[in-house]
Structure formats: C-alpha cells, structure tokens
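Subject: Model for your files

Dear colleague,

Here is the structure I said I would pass on. My notes follow below it.

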Amino acid sequence: MSTTIIPSAPQTSTAFGDLQTPHTKSWQRFLRVFLGRKVVIFGAVIIAILIFVALTADWITPYDPYQQNLRESLKPPSSAHWLGTDALGRDTLSRIIYGTRTSLAVGVNSVGLAALIGMTLGLLAGYLGGWISTLIMRCVDALMAIPPLMLALAIGAALGGGLNNVIISLGISLIPTYVRLMRGQVLAVKQSDYIKASEIIGSSDLRTMLAHVLPNCLSPLIVLITLNLGVAIIAEAGLSFVGLGITPPGAAWGSMVNDGYRYLLSNPILSFAPGFCVMLVVLAFNLVGDGLRDALDPRLRGTL
Amino acid sequence: MNRSPWLVALVVSLFLVLIAVACAPTPTATPPPPTAVPPAATKAPVAPSAPAPTTAPAATAVSATKAPEPTKAPEPTKAPAPTVAPTAAVKAPTQGGVLKISTVPDADILGYPPTMTKLNDFNFAVTSLETLITFDETGAPVPNLASEWKVDVANKTITLALQKGVKFHDGSDFNAKVAKWNLDGIRTSKRTELAAVSSIDVVDDNTIRLNLSKYDSSLLITLAGPVGLMISQAAFEKNGGAAWSEKNPVGTGPFKLVSWQRDVKQVYARFADYRQKGKPYLDGVEWVIIADPLVRLASFKAGESQVTQNIEPKDAKALEADTKYRIATLASALYGLAPDGGNANSPFAKLAVRQAVETAIDKQAICDSLGYGYWKPLYQAAAPGSWAENTKVVGNKYNVTKAKQLLTEAGYPTGFKTTIYTPNSPQIIVDMLTAVQGYLKVVGIDAKIEAMEQVRYGDVYAGKGWQDGLAMAPMGLSPNEIGLLNRVFLPGSVLLPNALRPPAFQQKLAEIGAAADNDAKQKLTWDLQKIGTDDNAMMIWIHSNVGVTAMQIKVHNDGFNKTIGVPWTPAETWMDK
Amino acid sequence: MDHLLEVRNLTTQFKMDNATVHAVDGVSYHVDAGEIISVVGESGCGKSASQLSILQLIPTPPGKIVGGQVFFDGADLLQFKSDSEPMRAVRGGKIGMIFQEPMTSLNPVLTIGRQIVESLMLHLKMDAGTARARAIELLQVIGIPDAEQRIDHYPHQFSGGMRQRAMIAMAVCCNPKLLIADEATTALDVTTQAQLLELLREMVHRLNMALVIVTHNLGIVARYAQRIYVMYAGRIVESGTAKEIFGDPRHPYTVGLLKSVPRLDEPKGAQLVPIPGLPPSLTQATTACAFYPRCARRVDACQRDAFPSLTQINGQHYVACHLPVTQPSVTASPVVMPTSENKRAVSDETLLNVQQLKMYFPVTKGLLRRKVADLKAVDDISFAIQRGETLGLVGESGCGKTTVGRCLLRLYRPVSGEIHFEGRDIALLSKSQVRSIRHKMQLIFQDPYSSLDPRQSAGDIVGEPLKVHRLVKSKGAYRDRVAELFQMVGLDPNLADRVPHEFSGGQRQRIGIARALATNPSFIVCDEPISALDVSIQAQIVNLLDELQDRLGLTYLFIGHDLSVVRHISDRVAVMYLGRIVEMTDCESLYANPLHPYTRALLSAVPIPDPFVEEKRGQVILLKGEVPSLLNPPTGCNFHQRCPIATAECRQAVPPLRDAGANHHVACFHWGGL
Amino acid sequence: MIVFVVRRLIETVVVLVLVSFIAFSLLHITPGDPALFILGDTATPERIQALRQELWLDQPLYVQYARWATNLLQGNLGNSIVFRESVAKLFAVRLPITFHLGIVALFLSILVSIPAGILSAVRRGGWLDSIINVSANLAMAVPIFWLGILGIYFFALNLRWLPVQGYTAPTDDFWLSTRQLVMPAICLALVPLASLTRQTRSSMLEVIRQDYIRTARSKGLSEWQVITEHALKNAIIPVVTLLGMQLRNLVGGAILVEQVFNIPGMGRLLVSGVFGKDYILVQGMVMIVGVVVALANLAVDISYGYIDPRIRYDE
C-alpha cells in the first residue's frame, strides 16, 4: 500500500486525504463565482421575483386582469389603479402581473422547444458526423440564411397568431443557434481524453454520448438558453408590433407594449410600464447569463 | 501605422456629424413646422406661414364653403339643400401649393376601373380620374363628366349626355365612344355592378344610352363610383393594356400622376388642360403612405403633411381641440358580427340567442370610450340618422337581465363557448371586440377571439367561411346605404358564406333594387330593417364607424369626408399661402 | 553594489476568489554581469512570478507587487510605474525575456519579422529598413535558414524550435545586459532543447550578457548554471554555486528533489525517492517553514519558529533551514534500494506480438477531398512484449509513439499488420469485437486534467468500467471494489464522491490509474503518464506503477519522451524516430552501448543533474536541423539528413531492424562499422 | 484558397436550394387565398376562379414549385401578386434603401462598439466598464420599435431636430436623407452595437490574458501599442464572426425599423408580402436575403484569411 520506503517519511501514504483544495461541492463553488458580482445578484433577484409573481399571479393581482370597465378607460395612475387603466378600463397593474406568466411562458416554451430540438440535432450531428451531420448542418445553414425575425414572421403568418403559434414560430427561428453551438461543443468534447477513456473502458457509443458527451456540452448551452429567454420575450413584442400577437384578451408584456403605445401621448404609462418590465427582465436574463457563463465555464468568455 | 487614433477620430467625427445633424436648424427655420420641399421644385419652396389670421377657425367639421364655380354648373334633378356654413367670410381661392396627404393603405390599382376592386383605390383614383356622375353634399347625384341624364324606367334605359370638349391627360378626346368603351370594359370583366346593363349605344358623339335588362335603382349611384371612372382608351391601347393602365391613370381629372412608388407615395402634378378653367388651384398633390398610425399622426403634427386620413377617434378628439387643425368625420361603415346561420347545432341557430348576444353588449359604452363619441351605437343596417334608418325598429338594446333571460329561454342558462373571428387590424377593432367579449362574459358566454391577418380572414369572409361563432362583418357604407347588403346577402354572393340569409330579407333586397323612386325605396328599406333586426336578429350590430380626416386649417374645399361616395374634391381644393 | 541586478525582499501576491496567493514571499537574489544563474523549483513555487515581478509584467489585477526593491543599473525598477517610460526602456531594451511556450508567446497574427523589428525600432530607434536588415541578420545568427524569406512568415509556419529561436532573437535583439529565460526550453524536444541551450550559452558569452535560467529541470541547471537559487513555496530555500548545491545539498527539499529524479547514468534498479505529499497552496501566509509537512527531518522548531533566513554555510552557499547547517547532507544521488533480487518475474509467455504494424492517415486535398498522400505515422514496426515485462517506447514528439499505443488498444484500426494479443490477432477486429476484449487492455493517459470527465465523481470514474462490463454483482460489491481500487493507488476511498478538479494533478493521475485497473487488465499502455506532473510527484507515480506491476503482474508499454524516466521504469526500451523503431534493447545496454546515431544524440542531449558528471561528459552531440515532417519524410533512412555518419546507402534504402546480438536490435547500416 | 471558395460556393448553392424549399413551403402552407384578398368585396366565383388560374393556384404544389424554380434559375423572380410588378423591379427600388440603412447602421455599430468594447476591457472593473456594460445590456433589452416611436416624439415632434419619417435617396437630397436616416440607423444599430460591444470586450479580455501580450509588454511596448498593435487584431477575429451573424439581425431589425420610420425598404415589403400572402414576393425576398446572408458569410470566412494568417484554406 505504501509507495515510499523511507522509514523516516512523515506520512506512510503519499496522497491520503491531502487535497489540493478543501472539499467544496461543485455547486458551492458555482454559487460563489456566480454570486460574486453584484449585478448578477440583481439579475437573479429580478428573475426570482418574476417567477414568484408568475406563480402567485392569481392571488396578488388587485383586480381581475380581464375585467373591463369601459366607463373607467384610460385613467391615469391613481390609488385605486396604481398604473392606471387601459383602453377597455382594465387595471394595468393586474395585466402586467398576469403578463408575467404569459411572457415567461413565451420565453420558456419557445426557448425550450428550440433547445430541445436544436440540442438533439446538434448532438447527433456532432457525435455521428458523416452524412447525417452534413444533412443537418445544411438544413441549419438554410435556416440561418433567413433572418430570425423574418423566419418567425413567415412561420407566424403560416400558423396564425395566438400564444402557441408565437411560441412555435419563435422556437423554430431559434433552433439553428442551438444546433451549431451544440455541434461545436460535441466536436470539442469528443476530442477530450475522457471520451477516449470511455471508449477504452468499453462503453457503447450511446453510453458515451449520453453519459459523457452530453453533460460536458451543457454549460454554454445553459448560458445561451438564459440569454435567449430575454431574446424571446423581446421578440414577442416585435412580432406583435408587425401583427402577430397573442390572442386578446390575453396579456403578454410585448403585446401590451404594442397595444399601449398607441396611447403614448395621452397615457404613456400603458406602454412604459410593460416596456420597462421587458427591459428589466431581458436585462436580468442577460446579467444572469453572463454570470452563469463566468461561473460555469470561464473559458466561454468570448464565445457567446 | 497606428490605426486606432484614426479609428477614434472617425468615431468622434461621426458623433459630431450626428449631433450636427440632430441640432442643425431645419432649412426653413420659421417657428411652425417646416413643410418639406416638394420634389417638383420648379418654383420656390412654399414658405410655411402661421395660421391665416383672417380665417376664423371653422366651427364644425363640415363648415367649408363651396367655392364659386367658374364654369356652368348644371342643376341636378334634385336641388341640393344649400348648407352653406354660417360663418366664414368667403375667401377667394388661392392658387398654388402642393397638398400632401398622409394615409394608409396605398392603392392597389389607380388607373384601370375594371380591376379596381377596393373602395380604398377610389380614394386615390379621383385625384386623376373623374366619374360620369358624382354627389353633392346631400348625397344627391350631380353631373360630373356626364352633364345630364335621363332615366326611363318604363323602357329600361338611361341616357347620359357627356361634357363637351373634355381632354384626357394624354391629349385624346373624351367622347361617347370612349365612355362606351370604358363601361363595356367593366361589363366584360365579370364585375356584377353593371350586370343589369344589356348593351350600350353611342347615340351621338356626346351621348350614350345604357339599355337595361331590368331596372336597377342603384345604377346611377354606381356610375358615381369606381365603375363610372373614365380613362383614356388611346393611352390604354398605346401602352399595352390593363397591366399598364392599372398603374398609370390617364383620365380627365385635375391632376396627372407623376410617379407612384407603391406603399411610399403618389405624386401628382396639376393638369393644365383641365376641363374647368382656372382649376385646380393646387400645383400638385402628394399622397404619402405611412402605415403606423402614431407615426402618421406625428408626421402630420410636424407639418410633413397638410391632410391625414384614418385618424383614430382618440387622436381625433385631441386634434379637434387644437385650433391649428380641422377634422372631418363621416360614417363610413357599419360594424357587426355575423352569426353562423347554416349550422343547426350552433347556439346561434336560435333567434333568442342572437338577441341575447346583442342585448348583452353595451354599445353606447363602447362608442363613448373607444369611439370617443364619433362612433354611434348601431341597431340596424343603416347609419344612424340616415334615410335608411327605420326609427320604428325596436332593436336589441343593452339589458343584461334581459340577455340572461333570453339565454335561459333558449336553453343556455349558463351560457356557452363560442369564437369571434376578426381581422387583426386595425387594432381598435380588436379592442372593440375585446370589449364585446367582456360583455358576453358577463352573461356567461365565453367567447374566444380569433384575430387573423387580413389575408387569412379573407378565407372566413369570402372563402370557406367559419365553422361556428361570430364573424366580424364590416359593411362599408355606399351612397345608397344598402349597396353592401346587396353584395353580401343576395343569392350567389361569396361574401360571409355562413351568414344568416332569411328568404324574406333577400326578397326585400331584390324589391329595393327594382324600386322606381326614392320614396318607394325608402319604404322598402324600412321594411328590410325590420325583417333584419326585429324579426331575425340576423346580424349582431355594434357600431357605425367613422372615417376621420384631419387637416391644417389652411386647407380649404378639400371635400374630405363630406359625402359618401365622394372621397374628396381635388379640383376645388386650395390652400392659404 | 556592483551587481548587475539585485533583488531585495521582493514580495508579490495574487488575489484569487477570496484568497490571497503569496506567490513570491520576500525573495532576494542577485545577478552579476556575464553570469549564468538558475532559479530552480517546481511549478507554483514562484520562480516565474519573481522574474515577471522584476519587469512588472505581473498581470495586475489580480497580481500585485507589494514590496521589495529591484536594483538594476543603479535604479530601483519598482519605483517606476508599470507603463512608464523608464520601465519600458528597461523591458526589452536592457532586460530581455524568453518565455516558455513558443506557440502562445508569439503573436499569431503578426509576422516574425514585424515582432522583432518593433523592438529594434523602439529601443534602438532604427528606421524600418535598417531594423529589417538587422532582424534578418539576427535570424541568421540564431540559426534560422532562409532568414530572408522566413522573416515574413507567421509563427504558425515555424516549428516549435524555430519559434523559440525567433523568441530568442527578439529578446537579444537590443543587446540587453540581462536575459531571462523562463522555462524557455521546457516545451521542446530534448534534442531541440540541447540545440537551444547551447545557442543561448554561446550568445550570452559572445554578447557578454547575464542569463537567468528559470527551470524545473535539474539536469539543465547542472549543465549550464554557475550559481543556483532553489525556490520552494515562494521563497528561496537554498542558494550557491552549482557544485555546492549538487555536491553538498543542505536543504531537505533540495535533497528530496535530487533524489526523486531518475538519472541516466545511474545503474538500473535504483528506486526513486519521492517527496511525499503535495506542494502547499500558498493561500495562507505562513511564517513557519512551508516545507514542514513534507520534510523528512523536521523538528518542532520548524513549525514553531519563523521561517529561517538564509544562512551562509561556506562560500556562496546559503540555506534556509533550522537544521542542516551543521550536518552535511546525505549524498545527492538516489538511494539504490536493495530491490528484491529477481525483481520481476518476466515470463517467457509473449503477451503481445506486433508484426509489421502500419498506421497511415490519409492526407486529402482539393475540391473533392481526394487522398493525395499518406501520413505514415507508424510505418512497419514489429516488436513483442512478454507477460510481466515493461517495454519503454521513447522518441521525440511526432515520432508516432502515441499512435502505436492507440493502435495496440485498437483506438485506431491499423492499415496493415498483425497485433497478436494473448494469441489472438486483434488488428482488424470489428468495433463490437474489440469491445469484448477492452477489459483486458487499458490506457493511462498523459494529461490527468483532460482524461477525467469533469462532471463525474472520482468514484464513478473508477467504477464505470465495472458497470460497463458488468463485473460486479451488487451495489455493495461495487462499493467495495471501488474502495479497493482507491486504496490500491494510494487514495483515500472517502474521497470517492469528489469531482476531479478537487484533486491535484498527481492525485488525478492516480484516479486514472485506478480506472485502468478496474477491469483487472493484463496489459496497460502508459502514454507519457508523468510528463505533465511535477518532478516530486513524478517519482510518486513512477513508484506506484512499479509497485502495481509487482503486485498485479501487469505488462506495460511505457511511452515517454524523457529518456531517463523511460529507462528507469522499463525492462527494454525501443527508440522511435519518424514512425519507425531505430533501436531496441534492454535498458542497461541502451545507455552503456547505444548503437544508433540517433540514440546517441538523444542520450547526449539529456543533461544529467550532476555538474561533476556533466563536466566530464564533454561536447553535446548536436543534431543538424529539425525533425522532418511526416508528410514529407526523407527517402531511405529517415534519419539520414541529420545523421553524422550517413552515406549514400542511407539515402536510398530503409535500414531494417537487425539483431545486433544480446537482444539488441538496431536499424542502421553502419552500426558495425562505427 | 480557390478550392476553398469553390467548395463554400457549392455549399452555398445547396443551402440556397434548401432555402428555396423553406421559402416555398412556408408560404404555401399558409391558409388564406391571395385571390380572395385581392378581390376583396368584389369577389365573385368567376373572378376568383380566373385569378386563381392566373396565379397558378389551381396547380399542384410541385408544379408551382417547379415553375417558380425554373423561372428563378433563369433569373426571373416572377411578378408580385400584391404589387402587380416584377419582383426584380421592386427589389431594384427597395434593396438599395435597406442597404443604405443597413450599411449606415452597421458602420455606426462597428465604429462605436469596437472602441467601446476595447475601452471596457482595458478599464475592466472600472466605472467606465460598468457604464458600457450596463448600456450594452440595456440596448439589447429595449424593444426597438418602441424606442423608435419615443425618438420620434422626442426628437422630431418636441424638439423638431429631425424629420418624423420617410426616406430620401442621398442622391436626391443628401442633407435631408441623412437627417431622415439618423434615428432609424441608430435604432437599427442598437442591437448589433450592443452585442458587438460585448463580444469585443470579452474577446479583448481573452486576448489580454494571452502569453503573447505579455511578450509584447516584455519588449517595452506601451500599453497603447500593446492594445492596438498586438491585441486588437487577435481580438477582432471573433468579432468578425459575430459581424457576419449580425447581418441577419440587421435584416430582422429593418423589418421593425422600416415599419416605424416609414422607410420603403425590404422590411416593409416583407410585411406587406407576408400579410398579403404574396408568396411570389416573399419567396423572392427570402431567396435574395438568403443569397446576401450566404455571401456575407462567405466574405467573413474569406476575411479570416486576411486577419488570421493561421487559417489556411487549401487543406
């Protein structure tokens, strides 16, 4: 058991219990770096609030967000309506609170869709290579050749408006980035010795792919997902501006900015309030994305 | 060697340029908004002036005086009520200036009536083309290119005498032959408007006669619309036909098209050989297409245009309060929802349900809050206050209790689920329907709004129709009030295919078409209203929409939004210097 | 004060996360004009940081020079601001610096010429034309052929050795008074290293510069340095002339270092004595001796009292230790352990027999990616390994040794040849067939950092082969086996739930070894398993491998570039050059009686950590030029262009590997007639 | 090099064929009949039938695709349904406008972002860095159409510094053209500007840590020389990659910006085309944009060769 033979050696074993760093769980280290910058904490807090609001929207809204009162339309902010009312006399604050849910749904679902499909394709293309990779990558190139908003607009026009279709069209337009990033990651990870090691110990391709390649490719993708959540929320606003919004009376922040900006002169708060929310959330996702990037993999700086 | 100082210098200079651009005084730095210099800059740019102090602001929207006409004005068959505005010292029109009008959407077709399908196109077309007949401010037909006409109900003919010595923009003559060619073009294009005309005779060089297969009281009015626009046959034939003519209007109108950049602008110049000497007063007209309502309004307020169309009611209200502007409003369309009639399983198959739905909606509140009072609640297929309105129709007035009761009677005490199909623009219509949705919810009807892009809505409106629920049915008003009802509800129509079409209603429509005189027509129309609303509740009416046009007060005699069927009067329009 | 450079009490710290790393902790030394000194120590001991601090090249933040004085040319350099005019005049102008990685230390997007010329223009105020002419001249002096053309090439178009030559040209171009070579030859092959060090020595003498060699390689120190500073944990623990240090090492660390490296000239059979434990992390400012936990001769005072200051022993010999001043240290040479007489039972059974193995990689070109040539990474080699034996495979980078290992493990499918493993030819087995024999042959990787999945825990890494091959029946058995494997490689089984980055390099390598052992393989390819490790850790791993072989009867193919290590661990050694084996023999006769000229050059290039021996060795055999590209190998004998004894015959025919008797094989036409 | 370009061109052609599939199928699975849309209230069964025939809508899809593709190969993009004009002619008018806007925006974003990114990296952790960082993050977080309207009301309507809307060719009236372009260009530049700034900053930070920067410092170069002569060229490589990608964002952004500032470019054409179901127009547009984007990517790839000597194309 001992590898040293000098009798006067202070320790019988060379490496027992003697660690380079004190034992910190990787998530502890992650948290320490992640929360090391104040702006990141700011972003994380915003997102936490956002999620909290989305979950508790039913209880914390002062009014029914769909309850209209035409006689009380376009009222400026008051103690009864902190952010005033919109053209149909609905409480803006309540709608913003409910909009959190929709906006989050747009972000999470469209990005989730894109990430799921994109990562699967990217994994296959990167790991299998050959004609499958060529096929996938050419299709991705083709999608990449069409600007995302243009693509989303065209898909949106094909599918029609409404929450689900907005999610689908945004999702599809986001896919190419995931495929590319995932494939790049897989190709890089595939070069690693530990993938060779996996082959040498006799793992099957599937096992290697799922147990070793996939987990090690995730860091930049998690960052991309975070950044894209903001992108999707803001893109929803753009889509509804050109005419592909969610169905009324639903409220998403993007649509609310678009609906409200017609009253920019008389009731600026109608577009400012949701616009501010969009800005804050996108900012928060960006900050958290940056923080994640630093925490998950500092080498990623400059790749996203 | 060092590119970076250079880079920084460039950035700095770029910023400087930006700031300079932003801060630089506009070329004409007079306090009011500078008008952009018209491109046809043969003359000095029109210096913008402060509001002419001599002109008192017009009190009402329709206050402009009718300019004295230098040429003979043949008296129409029916004397127009002289509604000369009480105020306004009559000023002599001033010559010159280019009128810029901002609007949306652009025309599809400017110069070929047979394919001109949208009312919107007519808006632009009258700038350079003229119709045979037009309307005065009361809506009565008055001469235009036809100097007079004779209707022979018994023999089923209409004889039109044409103005003499009229030239097209290309120099060719306007005469009976050309007029017949124009109308024949419409007839062979599968359009339905002239379906009643069996043939057209050239009586002499300045007279044509329309021979009818059956008498149609709306025919004269039709000739005041797109169908009656006259274009140069010579130019059409010389330049290769319809495709060219569609984009190149060559008419007898006061302005000639200089250039048309689709969705951007149309530029017109004064036609020197216009048939009315001394007119037009303006040197040119420019239509500027600005899609976004807010930007359009801002552009107008910044003085980039003198007239702007399709103003939203809320903005109209604000402009109305401003002495620099004048606004003109006119009921333009009847907005209602068409229930699916063909489907026996649909709740809407029951009269009580249809009545309940309409009763549940507080139309007045909608008109007040979204329409700012410009909109009027609608209870039958006629603009409130028009001759077609049957004041005896009870209608379905707002009454939540009654609505609930009706629903219970119909077997839906807890309401039902349904869908409202609508185009997704303009936004205000979606807002209006959202309000409707809210009211329906109160009585338990859970309506989902399916807001579609225009082209997709085309399938609902004129194609496959809709499976269940209500479809938004904007019925543009025409001079004879029921023009659109004709198109929708007569047999053979492809519009609103699922709408209810009670036979009695269709019968009545046909009778109205054959009515010999206006009194008979009015009486029949009143019957029609009763059948449509009280007997059947075949449409769920919401409001009568208004078109709003705003202009600077220095614009006179423009004729915008004065009469249904006359988009504006370009020949009469003039501006203060 | 007539020293060229005098450093007093230099202290540099780095702020990391929440901790402060005391990288340089009160270091004082001096350099005289024309002198060659060496700063020696393991990675992280602060030797580079101290040199960078002199020129204020420490990245700030996180680094910060917190104290000390650096007198150079009569001025205290630390009083100047980092980006100030006088400081910059010293940098490059009066003190030149050569860095470790020629690949990353040259700007990849600027031509070599541009990078030299800019110094000349800056410090010597030359105009562009003169500077260029001077640069070409310099490149010629430094030994770059076709300097006129090469000056406009980019770094990537240069080989590693060439790049480092260019780097030297850059550092000396302004005739500095002091040259600092910071691990300047570490990344290079041993023959190139010898070329460059000789070049440096010559330059320094010719231009009357002083040279500071910063290195961990004791051999280089012994061969070139006049005076030596030994650093440990940010402090200098011993200093003196080379002979004082090597002949009479006083500090236990110095002693330990010397004992932990194998020496080419020692008789075979010596066991290395590693320094136990790990170097400290430097995050705590300790006033006591930092070597205390690893010290074999520690006393209470070491822990209790402040760090001992350097005390003069005699002459220029100083040491910072509580004890050794009075007692001359043990001899510096490794302890020859009385290893068991029949050290290993090498059986007669041939475990692995490789015949005419060829591994070519296609080189494609053009639009259709047609194959235009073969890259002959392994070109017709044959050898056999007996069960229980260690065959060492040694050669410079790019010679194909790693490819051989991977072919044997069937990570590559060879183009042709036979690989008989346990009697079965596995050369052309299909992928699934290979999988069935995977558990019998394993690999230990070179890089302990990239060969462990960073997301797996150490236990999972070691246990995965058990799961893949279903070698354990129950969870309990699995846990037991993993614990057993941990203990086998000297790791605490309680660390099984930690992830690789929590371990040091040496510990990671142990995890890698445990993984390789998991399936009870009979054959293990060790692909440079220690070259990424620190000297003191290398010995631990070498001993571990030795011990495991004894205990488990393993058979090794030990691939390495360090001739002394390979020789130390192997029973027989095969020397590879450009895809072919040029010489194969048992390890004693390799040093005693090398037959191939390449082997002899290689042996000569390896410095021996003993200035007394080095003095006697005489002239180093320097090879001409560089290793040719595999894409365009010379005809005939691969080595003929660089061979001092090549004849026409060598240019035409490939010399076969011939038996020179006594199990000694050599591929040279001239071995007999030397 | 030539081999590389040829290979990339072949790839580009394959990609463009796929793009044409996407373009074609997207618009053809769209419900809604353009014939009905065009005819509006005057639709009658006969007129609908006639128009559908004229537009080939009565043909099976593959026939429609084949006819369109054949025409495309002959350089004929077809006739727009909504605009009743040759698509090529429309593009001839519209493309230069969007190009003008895009180029100005691109230059604006490059000229601002690269110095800002460098500054931010060099002053890492300082207040300037924080300001630049937060601004860049904010710029990515603002809906640009909303910002555009705000700009219009502030700069054009209240301050009267700039025209509200419109586009004038610089050849017609350079001064007016420039004034009209200021706000749209800034709005359009915002997103690329922000991401380029972030990219420049991070790749600069990455480069500054490299060994060769230390080498450069060890030669006695000043910090300024180190940054401009040694770091910048290396740091710019990933920025160029991103720049190639930004083209897509510019086209996307142009859709919104042109709508807000009433600029008659490709973006507005696209919106009209998509909502008018003018598939001929939209297909043509997707193809044109696809070609432009693909060529831009090719240009980016080739430009690496000039920036980064390590990239060799002949392998």
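On the surface of chain A, a nonpolar patch is formed by A:Leu31, A:Leu35, A:Ile41, A:Val45 and A:Ile49, which together have about 380 Å² of accessible area. Patches are made of residues with over 30% relative accessible area and no salt bridge, with nonpolar side chains (Val, Leu, Ile, Met, Phe, Trp, Tyr) joined within 5 Å and like charges within 9 Å. Accessible areas come from the Shrake-Rupley method with a 1.4 Å probe, and for residues only the protein chains shown count as cover. Helix H2 of chain A (residues 38–60) gives the largest share of the patch, three residues; A:Ile41 lies in this helix. Helices (H or I, at least four residues) and strands (E, at least two) are DSSP runs, numbered from the N terminus.

The model is predicted: local features need pLDDT of at least 70 and side-chain atom pairs count only at pLDDT 80 or more, while totals for chains, interfaces and linings use all residues. Residues are numbered from 1 along each chain as its sequence is written, chains are lettered from A and ligands numbered from 1 in the order in which they are written, and side-chain values use heavy atoms, with hydrogens and water left out.

Now the interfaces. Five pairs of chains touch, and the most contacts (heavy atoms within 4.5 Å) are between chains B and D. There, 60 residues of chain B meet 59 residues of chain D. The buried area, meaning the accessible area (1.4 Å probe) that two parts lose on being put together, summed over both, is about 5,000 Å² for chains B and D, with 63% from carbon and sulfur atoms. Eight residue pairs, both at pLDDT 80 or more, are in polar contact between chain B and chain D. A polar contact is a pair of N or O atoms within 3.5 Å; within protein, one must be able to donate a hydrogen and the other to accept it, and residues adjacent in sequence count only if both atoms are side-chain atoms. On the side of chain B that touches chain D, H1(B) gives the most, with 12 residues.

Chain B also touches chain A, through 27 residues of chain B and 26 residues of chain A. About 2,000 Å² is buried between chain B and chain A, 52% of it on carbon and sulfur atoms. The rule finds four salt bridges across this interface. B:Asp362 and A:Arg71 form a salt bridge, with their closest N and O atoms 3.2 Å apart. On the side of chain B that touches chain A, helices H7 (293–301), H10 (363–369) and H12 (427–442) of chain B each give two or more residues, and H12(B) gives the most, with 10 residues. Chains B and C do not touch, their nearest C-alpha atoms being 12 Å apart.

Over all chains there are 64 salt bridges. In chain C, C:Arg235 forms a salt bridge with C:Asp25, the closest N and O atoms being 3.2 Å apart. This pair is 210 residues apart and links strand E10 (residues 235–241) to strand E2 (residues 19–31) of chain C.

Some backbone points remain. A cis peptide bond, with omega about -5°, joins B:Val104 and B:Pro105. B:Pro105 is in the loop between strand E1 (98–103) and helix H2 (119–125) of chain B.

Regards

Methods
Salt bridge = Lys/Arg side-chain N within 4 Å of Asp/Glu carboxyl O.
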